[in-house]
Number of protein chains: 4
Amino acid sequence: MAELHKHTYQLASRAHQQEDTLIAVGDQLIGGDHFTLIAGPCAVEHEKQMHQIASMLHLHGVRFLRGGAYKPRTSPYRFQGMGLDGLKLMRDVANTYQMYVVTELMDFSLLDEVYAHADIIQVGARNMKNYHLLKQLGGIDKPVLLKRGMDATIEEWLLAAEYILLGGNEKVILCERGIRTFDTSVRNTFDIAAIPLVKSLSHLPVIADPSQGTGNRNLVTATSLAAVAAGANGLMIEVHNDPEMALSDGPQSLYPEQFNAMMGQLRAQVKLSGKIIPDRQKLRNASQEKLTIS
Amino acid sequence: MAELHKHTYQLASRAHQQEDTLIAVGDQLIGGDHFTLIAGPCAVEHEKQMHQIASMLHLHGVRFLRGGAYKPRTSPYRFQGMGLDGLKLMRDVANTYQMYVVTELMDFSLLDEVYAHADIIQVGARNMKNYHLLKQLGGIDKPVLLKRGMDATIEEWLLAAEYILLGGNEKVILCERGIRTFDTSVRNTFDIAAIPLVKSLSHLPVIADPSQGTGNRNLVTATSLAAVAAGANGLMIEVHNDPEMALSDGPQSLYPEQFNAMMGQLRAQVKLSGKIIPDRQKLRNASQEKLTIS
Amino acid sequence: MAELHKHTYQLASRAHQQEDTLIAVGDQLIGGDHFTLIAGPCAVEHEKQMHQIASMLHLHGVRFLRGGAYKPRTSPYRFQGMGLDGLKLMRDVANTYQMYVVTELMDFSLLDEVYAHADIIQVGARNMKNYHLLKQLGGIDKPVLLKRGMDATIEEWLLAAEYILLGGNEKVILCERGIRTFDTSVRNTFDIAAIPLVKSLSHLPVIADPSQGTGNRNLVTATSLAAVAAGANGLMIEVHNDPEMALSDGPQSLYPEQFNAMMGQLRAQVKLSGKIIPDRQKLRNASQEKLTIS
Amino acid sequence: MAELHKHTYQLASRAHQQEDTLIAVGDQLIGGDHFTLIAGPCAVEHEKQMHQIASMLHLHGVRFLRGGAYKPRTSPYRFQGMGLDGLKLMRDVANTYQMYVVTELMDFSLLDEVYAHADIIQVGARNMKNYHLLKQLGGIDKPVLLKRGMDATIEEWLLAAEYILLGGNEKVILCERGIRTFDTSVRNTFDIAAIPLVKSLSHLPVIADPSQGTGNRNLVTATSLAAVAAGANGLMIEVHNDPEMALSDGPQSLYPEQFNAMMGQLRAQVKLSGKIIPDRQKLRNASQEKLTIS
């Protein structure tokens, strides 16, 4: 038993650090009472798409733009991502709208280019047990958003975080994105209880991805509100200017009007749940000033 | 395909009935905008226990008392329930506090006595595919609370409801209570997305049981709020006057103080989510008058 | 821990009884070195069907005829079984071919008629946690074939057996029939390791149902041979004279020619695995004599 | 639907190639009627260990030596493998006993050194969806042993193979090693039906790993025989000279005497199942001649 405990997570535990970890990204804080909203398309596809989406997000005060430039696709015959061009495009668009870039690193060999363009480096569910990659991410100084593997237990997830923490990188954000179960009426089973459970076990921020977590855009608003009610430190949401034409994950991407409708409910829920969400108007004004100036 | 569809649920579907089903139990309505709170111990154990719990619930305006008189236990060496004496005790206590009785029917041979003492008859997760029992419940005139089987897909669950509806009993309440998955850090995986999904597919009320759904009292408040945020029509909560001494499911039963603390948050969440929850003060006054009179 | 162990299975364990349980059904023995083959259609449908199937089985020396008279169907709109007429028909056909009847009991209220017509009473996967039914079966003197629930752990399965054993009925036959997992390329995931595991934990006979276990007739022969190689005490196989027209589970029923082809391989595998299977020729001669005499 | 099919596996399918793929490794053939036995420890630990194990395997005519030099461990606090020294040691030991080396590649950055020392490059279950790595392996000329991910459907597994085939490397060996399910009485659920199913869908060789597949050495012999009976083209077995002292996966490693006892049963089963296994005596003589000469 002592032997067993010796091998479990330590740095990731509340026993090691009682207070919530706060992670700074530019002028934003992630963790604790701060509510973080990350949104954008599944994949970066082209310039017009990214501008339309980012400008809409900007109006709502969203400060983190997501989008995949390298996509881990189950089939080699599907769109594999724009690669480096996608990274550059996303960086440019994010800069235009004062947003930060969240994007996935699929392999260590791509670290340099992803590092150069991203503010938060995402490790996808399929790579959560890629321990070689995790070790390397322990040596960098940018935050890592670590998605839960679709077959990962809570302990395996926290041990994956431990690999990064042990390397010296304390900026780990956990992201619940659904697990694989027998029920195929949804793409994944969104594990809502994992949110309060992990928050009780660990000091790391825990956000939720209801888009992947359900795979069905019509379930995203309800499960997003639920995640906030359960204590999530943030959300990652897939939204697309034209989901029918999306090159990947169209069925789980919100229509712009769905996103707009959700934002009102989300703000009220975040407030009720005791978290701070950036004020839309203030942000917009501030950023418009900057836009005018620059 | 047409052949396939012929065999799926029809009476349970939104296509068959667009508007939400409303179920009357005494002076209470279940479904639609009405929020229903069912609470009590896992098992009826003795008179003092039931009075302590019911009186606490009464102070919060809870109108539905749960408790098992016949318990489906995995091991034959564990407490199997008080049986008929438990039913009688629960009925008496419920009457004292103007509450309605929700209790499980384990076998058709027990229907007469359960029917005589209960206001809502619960079908447990282990019996959700007991089609013989479901057929018989189609012939009665009391509401049936149909728990989701821990291995049941959404379609199987709605087809189980269809068995009851087809028999002529339209008073079916669905209850999500967690499914069995690979992750054993919780007792079950509470399937939050099932709530909005089933509500989109069916007109029947959908409530949630976060106590069974997580198996861990420390996760019950967070997942209860989440269920409400996701659109649940109600909750079923296990609470015990002395969980350490509970004869079954102690670890998932709230302490009285946890229940008290949860109620404030729950009322705010229900209100935000657009549902109506009975006013505590008014109810208490009303029932005290009755108590004085009787 | 002591507390925990107090509540687990005892009568079902090897600790309680070291030697294999042998169960006599007429002139047949089940368990130990004896290999038991149970075959027949999913459901009893009509006389011609039963005669065609039983006569084919008879030619192969099969002594146990399976067939459902009451069928637990996921949809109320599907064939629910012939009921009592089906039981009578199966009994008649079995008698004609010197076979024993294995059929499912869905509810305690049907026990009298099932008991009157069956030699082995089957508890289906959906009823494995129907503890009320299991308790009642502890009081009868006919063997019970207890299928594993599709969501049941090994311990839950053995505890279900314990309910029957504790009632005084020692004639319990366990049947692995596949569990529910994320992989829907098969109907169930046939848990081959459960066979040697349960045989190490318990003295009860363990047979396998590769028809339910895979849900695909083209996988039945391979998984049947595998089950024997893994140490199973027998097999339950679905075979139909005309699977395309079967009223239930057609896709997992063997064609007669598949069954015939399998039997040669099966006999060789049973012999290699050290079990005794009734000699085809001898049995046929013996039964023909009886047929002539009677 | 046409759209859907366009994105599934093609090169891996029987429709693309009817006859079984045969893969040559030195003087050995893998696939078709040839039975391949791969054995060795979970991890390469030290010289004495490797010599003791390899010499025992050599006596049984085993030609493929497995062993991990880089280990994907759930906890960063556990033994992570000997690295390059382990690769060199395994190569030396394998050469001494005329064996071929099978070892895991954890990350593309390690390809050069793994390629230099291995005859078959293993992709572990945790990397089955590491599409970047799979693409790179499409460009090499050594066989790839592709383990099934513990959360991978059959289609996802064959699509992972497709990534490699599409790159031009036709030497892909599939390895079933158990999936993750709710049942924790075994480490994984060994999916026996996947063997005949994949063999019907694909021309690629399918071997089985009952050690990982069950996680319990006492279940390895029974499930190995079952895998052969189900049609596997080979087995991968963990065996250790001193399992109690093994630095990883001790509980699933056979004791030497268990391995010896299994081999007799295995030879008989392979023969019954119509596969060719190298003759022990002939091989031993041949290799002893070479040993004498060298």
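# Reading helices, interfaces and loops in a predicted model

Trainee: Which span should helix α3 (residues 84-96) of chain B have at 1.5 Å a residue?

Mentor: The general idea: the expected span is 1.5 Å times one less than the number of residues in the helix. Helices (H or I, at least four residues) and strands (E, at least two) are DSSP runs, numbered from the N terminus. Here α3 of chain B has 13 residues, so it should span 18 Å. Its end C-alpha atoms are 19 Å apart, which agrees.

Trainee: What should I know about the numbering and the model?

Mentor: Residues are numbered from 1 along each chain as its sequence is written, and chains are lettered from A and ligands numbered from 1 in the order in which they are written. This is a predicted model, in which local features need pLDDT of at least 70 and side-chain atom pairs count only at pLDDT 80 or more, while totals for chains, interfaces and linings use all residues; side-chain values use heavy atoms, leaving out hydrogens and water.

Trainee: Which residues of α3(B) are buried?

Mentor: Buried means under 20% relative accessible area, exposed over 50%, and partly exposed in between (1.4 Å probe, protein chains only). In α3(B), the buried residues are Gly86(B), Leu87(B), Leu89(B), Met90(B), Arg91(B), Val93(B) and Ala94(B). When you read such a list, remember the helix geometry. An α-helix has 3.6 residues a turn, so residues three or four places apart point the same way.

Trainee: What covers the buried residues of α3(B)?

Mentor: Look for contact, meaning heavy atoms within 4.5 Å. The cover includes α2 (47-59), β4 (64-66), β5 (100-104) and α4 (111-117) of chain B. Just after α3(B), look at Gln98(B): its phi is positive, about 55°.

Trainee: Where is Gln98(C) in chain C?

Mentor: Gln98(C) lies in the loop between α3 (84-96) and β5 (100-104) of chain C. Its phi is near 50°, a positive value in a residue other than glycine. Gln98(C) has a relative accessible area of 18%, so this residue is buried.

Trainee: What is the phi of Asp249(D)?

Mentor: Asp249(D) is not a glycine, yet its phi is positive, about 55°. The residue sits in the loop between β10 (234-238) and α10 (256-272) of chain D. Its relative accessible area is 16%, so Asp249(D) is buried.

Trainee: Now α10 in chain C. Where does α10(C) bend?

Mentor: The bend at a residue is the angle between axes fitted to the seven residues ending there and the seven starting there. α10(C) bends by about 30° at Met263(C). Met263(C) is among the buried residues of α10(C), as are Phe259(C), Leu266(C) and Val270(C). Gly274(C) follows the helix, with a positive phi near 80°.

Trainee: On to interfaces. How many residues of chain A are in contact with chain D?

Mentor: On each side, 36: 36 residues of chain A touch 36 residues of chain D. Next, take the buried area, the accessible area (1.4 Å probe) that two parts lose on being put together, summed over both. Chain A and chain D bury about 3200 Å² between them, with 54% of it on carbon and sulfur atoms.

Trainee: How many salt bridges does the rule find across the interface of chain A and chain D?

Mentor: The rule asks for a side-chain nitrogen of Lys or Arg within 4 Å of a carboxyl oxygen of Asp or Glu. It finds two salt bridges across the interface of chain A and chain D. Arg180(A) and Glu156(D) meet in a salt bridge, at 2.6 Å from N to O.

Trainee: Which element gives the most to the side of chain A that touches chain D?

Mentor: Start with the elements that give two or more residues to that side: α1 (2-6), α5 (131-137) and α6 (154-166) of chain A. α6(A) gives the most, with five residues.

Trainee: What do chain C and chain B bury between them?

Mentor: About 3200 Å², 54% of it on carbon and sulfur atoms. The contact takes 36 residues from chain C and 36 residues from chain B. The rule finds two salt bridges here. Arg180(B) forms a salt bridge with Glu156(C), with the closest N and O atoms 2.7 Å apart.

Trainee: Last one. Is Thr153(B) buried or exposed?

Mentor: Thr153(B) is buried, because its relative accessible area is 16%. Its place is the loop between β7 (144-147) and α6 (154-166) of chain B. Leaving out residues up to four places away in sequence, Thr153(B) touches Phe182(A), Asp183(A), Arg148(B) and Arg180(C).
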